[in-house]
Amino acid sequence: YHHSPEEYKGQDAQIQRSVKAIHLSEYIVNILHSDTPEVFEKQLRAQGKSLLGLTSQNMEDVLSAVHSEVADVGKSFGIKLGEIKPVHEILQAANIRLTHLNLDYEQMNKELVKAKMALETLAKELQEKNKVLDNLAHVDGLTQVFNNRYFQESLDKEISRASRKESLFSLVLIDIDHFKKFNDTHGHLVGDFVLVEFVKVLAANLREYDILARYGGEEFVIILPDTQEEAALGVAEKLRAAVAATTLKDGKDKYTVTASFGVSCFDGGAKEKPDNKGLIKMADVALYDAKDQGRNKVAPYRVKKKWF
């Protein structure tokens, strides 16, 4: 019964005590020979109190005498047991190992934290680099507004959205008047300065969700979502007036420019609708009309009458 002392149901008190004592001796053997003596020492104290009512002092007396008692028993049976270390030395060594393990675990945690932080930093750097690459792909390097590629993608999406919802949107094509002559007179560096300042004037007078892009050279284009022709012409006139009224200051030097605006409108509910190129062509025709009217004008797209 010494493996399960509770299974002994006899009334012999001496046998009961012996069964319990032999049961406790297994914990002592494990303290002497296992890799986790501290675990069995804790179990021994709990079982000793439960089975035999041993006090903490009783347990100390037992554990202090174990190594010498085991050595004496070995001699009685003619068994060479080798060195039997005192229990307190075994437990002390176990505590040292445990401390080292805890230190190793703590160090490992620190290394894991460092690795996690390094990965988070790398992920953030990659995110920032991806953002830079995305900007390089979609943003004009000089003016920092969207480039033609992004405009074309956005226009396709807006056409699809307006067609699906049968809604309206407008396109505004802009050209800085006599910009080639301006460049020839003042030089390309001044020309670049004017382009940068020009788009700032435009952007300051647009809604947050309007899309402003550089179409090419001194031409710019604006997508005005959910905007019918009349409202788009009002926006274009506001932009034209703002550009004409603005003095572009570069240190002591001051410059003024004007621009012409062509407006076309896309009706998603119409039976016949222009595609991407068709809508741009309409705005371009309107822009030429604005130039024909003397420049610094806003013109809507109108179907040209054919004369035969």
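Author: What follows goes through salt bridges. The model is predicted, so local features need pLDDT of at least 70 and side-chain atom pairs count only at pLDDT 80 or more, while totals for chains, interfaces and linings use all residues. Residues are numbered from 1 along each chain as its sequence is written, and side-chain values use heavy atoms, leaving out hydrogens and water.

Across the whole structure, a search finds 13 salt bridges (a side-chain nitrogen of Lys or Arg within 4 Å of a carboxyl oxygen of Asp or Glu). One of them pairs Arg-45 with Glu-60, with 2.6 Å between the closest N and O atoms. Arg-45 belongs to helix 2 (residues 37-52) and Glu-60 to helix 3, so this pair ties together parts that are 15 residues apart in sequence (helices are DSSP runs of H or I, at least four residues, numbered from the N terminus). Arg-45 is partly exposed at 24% relative accessibility, as is Glu-60 at 36% (buried is under 20% relative accessible area, exposed over 50%, partly exposed in between, with a 1.4 Å probe and protein chains only).

Other pairs sit within one helix. Lys-116 and Glu-120 meet at 2.5 Å, N to O; they are four residues apart in helix 4, which means a separation of about one helical turn. Glu-120 is partly exposed, at 44%. In helix 7 (residues 188-204), Glu-197 and Lys-200 are three residues apart, again about one helical turn, and their closest N and O atoms are 3.3 Å apart. Glu-197 is partly exposed at 22%, and Lys-200 is partly exposed at 48%. Back at Arg-45, salt bridges with shared partners join Glu-41, Arg-45 and Glu-60 into one network.

Terms used. Helices (H or I, at least four residues) and strands (E, at least two) are DSSP runs, numbered from the N terminus.
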